[in-house]
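Biologist: I would like to go through the labels attached to this model one at a time. For each, please give the rule and then the value.

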Amino acid sequence: MELKYLQTFRTIVDEGGFSKAAKKLNYTQSTITFQMGQLEQELSVRLFEKIGRTMVLTKAGEQLVPYVDEILQSMGKLQFFHDNLSECQGALHMGIGESLLCYRLPVILKEFHRKAPKARLFLKSMNCYEIRNELLDGTLDLGIFYEDVGGFGSNLTVHAMGSHPMVLAASPETKKLCPDFVTPGRVIPVPFIINEQNCIFRQIFEQYLREKNIILDHTIELWSIPTIKNLVKNNVGISYLPTFTVEEELGTGELEAIHTDIGDKTITAVCAHHKNKWLSPLMQLFIDLCVSISA
């Protein structure tokens with residue numbers, strides 16, 4: 001049985017169809033169809049059936065999935081034995097929250113590369129919910145994100161990386177216009193500058209605004225924390241961010257904190273992986289660095 005047939009089968013399941021799997025694997029659709037025909041012939045079962053215009057898993061196909069996962073995971077382990085494990089060679093695929101990637105990960109990445117210079121890191125700046133979901137479906141090896149995502153379920157192993165305070169930040173000039181975010185039922189004529197809608201920080205602060213019945217002028221939605229900070233420093237609006245992202249600017253006076261009734265709100269960063277993921281020496285090294293450096 002060809003291992004690539006099993007890999008193709010799993011990609012079809014992950015991507016939700018033959019055509020999407022073909023695009024993912026850079027195959028023609030006829031190649032995908034041929035490989036699945038060969039696999040069905042070897043197993044003497046139908047793995048897919050056509051319902052309308054869509055190919056879906058048969059009952060036998062559904063039952064095959066965990067066996068294929070076990071085989072592919074075992075092949076991953078064998079690949080590490082093929083490498084020189086003492087030197088931590090290999091690849092690591094990680095999804096990281098953008099604020100953590102900018103301000104917390106550089107020191108960890110520097111130490112990791114010092115200890116494992118032959119390792120290859122594939123880093124993606126991602127939304128926390130996407131990181132959790134891709135860890136659950138096995139797409140990522142490790143995720144570095146915030147735990148405020150509504151739970152992890154029972155399939156993730158999570159390592160705490162420290163709790164971090166939040167701050168509502170504004171330039172000194174903007175703060176003069178809106179020093180009060182405590183009195184309820186107000187309309188405050190400044191923009192809120194923040195990440196996209198699934199941003200943890202945004203969700204926390206927008207919930208506070210709803211509870212206080214405070215209305216801001218409008219929301220400016222950006223992805224980059226450094227860009228958000230630059231706009232806030234230049235009197236464009238306010239932002240609600242982890243304090244560590246604006247420590248330097250708060251220290252120099254370029255930004256100031258605005259008092260709120262959110263209290264001593266903190267968010268906890270975590271390093272997580274699927275509980276069934278084999279912990280290679282490379283993964284274990286990175287986890288250990290995250291925990292020790294963040295302590």
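Modeller: A disulfide is a pair of cysteine sulfur atoms within 2.5 Å. This is a predicted model, in which local features need pLDDT of at least 70 and side-chain atom pairs count only at pLDDT 80 or more, while totals for chains, interfaces and linings use all residues. Residues are numbered from 1 along each chain as its sequence is written, and side-chain values use heavy atoms, with hydrogens and water left out.

Biologist: How do you know that Cys199 is too far from the closest cysteine sulfur for a bond?

Modeller: The closest cysteine sulfur to that of Cys199 belongs to Cys128 and lies 7.6 Å away. The limit is 2.5 Å, so Cys199 is too far for a bond.

Biologist: What about Cys102?

Modeller: From the sulfur of Cys102 to the closest cysteine sulfur, that of Cys199, the distance is 13 Å, also too far for a bond. The disulfide count is zero.

Biologist: Why is Cys199 called buried?

Modeller: Buried means under 20% relative accessible area, exposed over 50%, and partly exposed in between, with a 1.4 Å probe and protein chains only. Cys199 has 5% relative accessibility, so it counts as buried. Cys102, at 33%, is therefore partly exposed.

Biologist: Which class does Arg10 fall in, buried or exposed?

Modeller: Arg10 has a relative accessible area of 17%, so it is buried. Arg10 sits in helix α1, residues 3-15; helices are DSSP runs of H or I with at least four residues, strands are runs of E with at least two, and both are numbered from the N terminus.

Biologist: What joins the side chains of Arg10 and Asp69?

Modeller: A polar contact of 2.4 Å. The term covers a pair of N or O atoms within 3.5 Å; within protein, one must be able to donate a hydrogen and the other to accept it, and residues adjacent in sequence count only if both atoms are side-chain atoms.

Biologist: How do you know that the span of helix α12 agrees with its length?

Modeller: The expected span is 1.5 Å times one less than the number of residues. For the 14 residues of α12 (281-294) that gives 20 Å, and the end C-alpha atoms are 20 Å apart, so the two agree. Among the buried residues of α12 are Leu282, Phe286 and Cys290.
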